[in-house]
Amino acid sequence: MIEVVETILTFALIPLVTIQISWIILITLSFLRKNSTKNIKNFPEVSILIPAHNEEKNIPELLENINSLDYPKDKLKVFVIDNASSDKTYEISKKLEKKYPFLKTLRIEQKGKSIALNYGLNFVKSEFVLIMDADTRLEKNSLKNAIKYFLDKKVGGITFRIKVKNLSNILTYLQNAEYNFNNLLRRGLSLLKEGTVYIWGCASMYRTKILKKVKFRELATEDIDTNLRIQALGKKIVYAEDCVGYTVVPDNLKIFVKQRIRWYTNSFLILDVYKKYFKKMNFTLKFYSVPFLIFFWLPLSLITVPLNLYSIYYWIPYQTSALDLSIYFLNWFSFFGIINGIYNVIIGKWILKPIMIVGYFSAIATFSLITFSLLYYKEKNWKNFILPLFAFPYFLFVNILYIITFLIFLFRIKDFRTFWPR
């Protein structure tokens with residue numbers, strides 16, 4: 001039975017390895033590309049939309065952060081959109097209008113980030129609009145740096161480089177490693193004709209005209225959804241590496257699980273965009289970015305998670321002591337297992353199998369890309385480099401959440417054929 005499991009895992013991992021190779025190629029090529037060095041003398045007006053539901057603690061600090069940006073204040077218009085808050089978000093923001101002339105506070109009685117953003121868009125008159133979450137903070141030069149990306153008329157939007165603000169425990173450090181890797185991946189994907197399919201919803205900027213055309217749908221993944229519809233119209237979304245924002249990530253498991261289930265559930269609904277705009281999408285968006293970078297992870301999880309769990313269960317009885325069991329789990333759940341496996345192959349103790357080749361390559365590629373991203377983005381804390389050695393349980397858990405989310409999704413949808421919104 002274990003031979004069958006290993007064979008299935010081998011074939012399941014081959015597409016993953018292929019995708020990882022494409023990442024390495026794109027990321028490598030991105031460092032050979034020359035960045036724009038054009039200086040902008042006359043900065044255009046920019047509107048900032050901030051949906052705010054019960055954000056009374058964040059609003060004062062956020063507005064101070066915006067006020068500290070190196071950007072002409074007479075070219076800024078900030079809209080805080082209070083959507084059905086039960087705290088003093090609206091009152092606090094309204095009072096701060098006296099302190100910040102660029103601020104205007106709006107209010108609607110409906111909950112929902114997309115509803116708030118669409119309402120706020122009605123008041124935007126500027127050429128560009130920045131979307132920010134209330135708990136996001138920007139580095140001083142981020143907004144100035146953002147403008148140069150729009151000198152390319154094909155660019156419809158940009159995604160900022162996002163850093164984790166609250167590094168407080170193992171969970172936040174693991175997410176920090178994930179965020180840095182995703183930033184690096186966005187850099188590589190920006191080379192594609194349509195740019196990156198991934199966009200950080202907590203800090204992203206668009207041409208107002210194109211955003212008003214597509215607007216936002218009420219999804220937890222409204223950022224990727226909006227992004228795809230802009231790309232389907234022939235515009236490009238690029239990663240703006242020198243536009244830096246800081247965000248707060250879940251620091252406990254319960255909040256983390258709720259966030260990921262919300263993200264993954266809504267990502268299934270993006271399939272309707274893929275269906276609707278399929279003919280309008282260019283080749284790479286149609287056959288690479290969407291199927292392999294968004295929808296690939298669910299079938300991979302459905303195959304690899306149960307087979308991995310079975311493999312663990314199969315080999316545990318062969319560990320005859322507590323020390324053997326401890327070493328087994330250390331090897332299985334950390335990068336040390338890869339090192340140990342390669343060593344045993346070299347000395348002739350183990351026979352090299354196809355599952356080992358694809359499995360080891362995938363693990364080494366993942367670890368190398370994460371480590372390089374941390375070095376490249378100058379994440380100097382030693383914990384950032386130690387924790388990826390033990391990242392396998394984290395990614396296994398994330399894959400399990402994919403499966404749980406999909407089962408919940410199917411359970412809630414009575415007729416699977418009609419779940420896509422029209």
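Q: In which kind of crossing does H1 pass H11?

A: A crossing is left-handed if the near helix is turned anticlockwise from the far one by less than a right angle, and right-handed if clockwise; here H1 passes H11 in a left-handed crossing. Helices are DSSP runs (H or I, at least four residues), numbered from the N terminus. This is a predicted model, in which local features need pLDDT of at least 70 and side-chain atom pairs count only at pLDDT 80 or more, while totals for chains, interfaces and linings use all residues. Residues are numbered from 1 along each chain as its sequence is written, and side-chain values use heavy atoms, with hydrogens and water left out.

Q: At what angle do H1 and H11 pack?

A: Two packed helices are described by the angle between their axes and the distance between the axes. Axes are lines fitted to C-alpha atoms, for helices over the stretch in contact, and angles run from 0 to 180 degrees between N-to-C directions. H1 and helix H11 (residues 283-293) pack at about 120°, with axes 12 Å apart. The two are therefore oblique to each other, since angles under 35 degrees count as roughly parallel, over 145 as roughly antiparallel, 65 to 115 as roughly perpendicular and the rest as oblique.

Q: Which residues in H1 and H11 meet?

A: Contact means heavy atoms within 4.5 Å, and on this basis Ile19, Ser22, Trp23 and Leu26 in H1 meet Tyr288, Phe292 and Leu293 in H11.

Q: Is Asn399 buried or exposed?

A: Buried means under 20% relative accessible area, exposed over 50%, and partly exposed in between (1.4 Å probe, protein chains only); Asn399 has 17% and is therefore buried, whereas Ile25, at 48%, is partly exposed.
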